[in-house]
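Here's a quick briefing to read with the model open beside you.

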Amino acid sequence: MRALATLAVLGVVSAFSGTSAIGQEAAAPEGPLYGGTFVEAIAGEPGGLNPVLWQGAEPQISTSPIFNTLIKLDMDGKPVGDLAESWEMSDDGTTLTFHLRSGVTWHDGEPFTAEDVAWTYTGSREGYLEHPRYKAALDPLIESYETPDEQTFVVNLKQPFAPFLQVFASSNYAIPIVPKHVYDGTDIEEN
């Protein structure tokens with residue numbers, strides 16, 4: 001029995017150490033693995049799945065696969081496009097112009113436009129943008145937003161701020177875009 005127990009303990013230890021019971025190294029994958037299913041535990045129920053109404057870790061984790069942001073951070077912490085195809089910063093560092101992906105539609109077939117982005121950032125101010133985290137991080141930086149056309153969204157900063165793209169794209173401050181045509185002029189809590 002003692003020998004079997006020892007072998008069982010060695011098997012458990014080797015499973016966690018990457019070696020087999022006979023001392024052979026387990027094969028490690030080459031680089032990151034993509035695809036498949038990732039299951040993440042959260043501390044509680046999200047409360048809801050509308051990012052305009054619900055903030056915090058649970059709703060953020062739950063809604064991130066449902067709603068897209070303009071940009072996000074890649075595995076190296078660099079901003080990459082999500083709903084924005086490209087962007088450029090003005091020479092003086094105060095105007096950031098996002099060019100939105102064309103051909104994107106909402107679940108109901110309505111086209112995604114710069115008006116959706118502008119409404120999310122301004123029209124829903126009574127919703128999640130009043131959240132202290134967004135207010136503290138973004139309000140001191142941003143002067144105004146503009147939508148010169150359906151595929152362009154402009155952020156005007158109060159002054160240059162070198163890490164703005166990293167802050168704007170980080171999971172703590174990246175704001176999920178919601179459809180203006182669904183929420184504008186409605187009681188968001190009842191919609």
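Where does T105 lie? T105 sits in the loop between β4 and α3; helices (H or I, at least four residues) and strands (E, at least two) are DSSP runs, numbered from the N terminus. This is a predicted model, where local features need pLDDT of at least 70 and side-chain atom pairs count only at pLDDT 80 or more, while totals for chains, interfaces and linings use all residues. Residues are numbered from 1 along each chain as its sequence is written, and side-chain values use heavy atoms, with hydrogens and water left out.

- T105 is partly exposed, with a relative accessible area of 47% (buried is under 20%, exposed over 50%, partly exposed in between, using a 1.4 Å probe and protein chains only).
- Leaving out residues up to four places away in sequence, T105 touches E110, P111 and F112 (contact means heavy atoms within 4.5 Å).
- T105 and P179 are 74 residues apart in sequence, yet 9.7 Å apart in space, C-alpha to C-alpha.

- D116 belongs to helix α3, residues 114-123.
- D116 is buried but has no salt bridge, and the nearest side chain of opposite charge, K180, is 7.4 Å away (a salt bridge is a side-chain nitrogen of Lys or Arg within 4 Å of a carboxyl oxygen of Asp or Glu; Lys and Arg count as positive, Asp and Glu as negative, and His and the chain ends are not counted).
- A polar atom of the D116 side chain does lie 2.9 Å from the backbone nitrogen of T113.
- Not counting residues up to four places away in sequence, D116 touches W106, P111, I177, V178, P179, K180 and H181.

- β3 (residues 84-89) and β4 pair in the antiparallel sense over five bridges (strands pair if DSSP finds at least two bridges between them), and A84 has L100 as its bridge partner in β4.
- Five residues separate β3 and β4 in their hairpin, and G93 in the turn has a positive phi of about 75°.
- β5 (residues 142-149) and β6 (residues 152-157) also pair in the antiparallel sense over five bridges, with two residues between them in the hairpin.

**Nonpolar cores**
- The largest nonpolar core has 26 residues, and F164 and F168 are among those with the most contacts inside it (a core is a set of buried Ala, Val, Leu, Ile, Met, Phe, Trp, Tyr and Cys residues joined through side-chain atoms within 4.5 Å).
- β4, α3, β5, β6 and α5 each supply at least two residues of this core.
- Apart from this core lies another, of six residues, including V52 and V178.

Definitions and conventions: A polar contact is a pair of N or O atoms within 3.5 Å; within protein, one must be able to donate a hydrogen and the other to accept it, and residues adjacent in sequence count only if both atoms are side-chain atoms.
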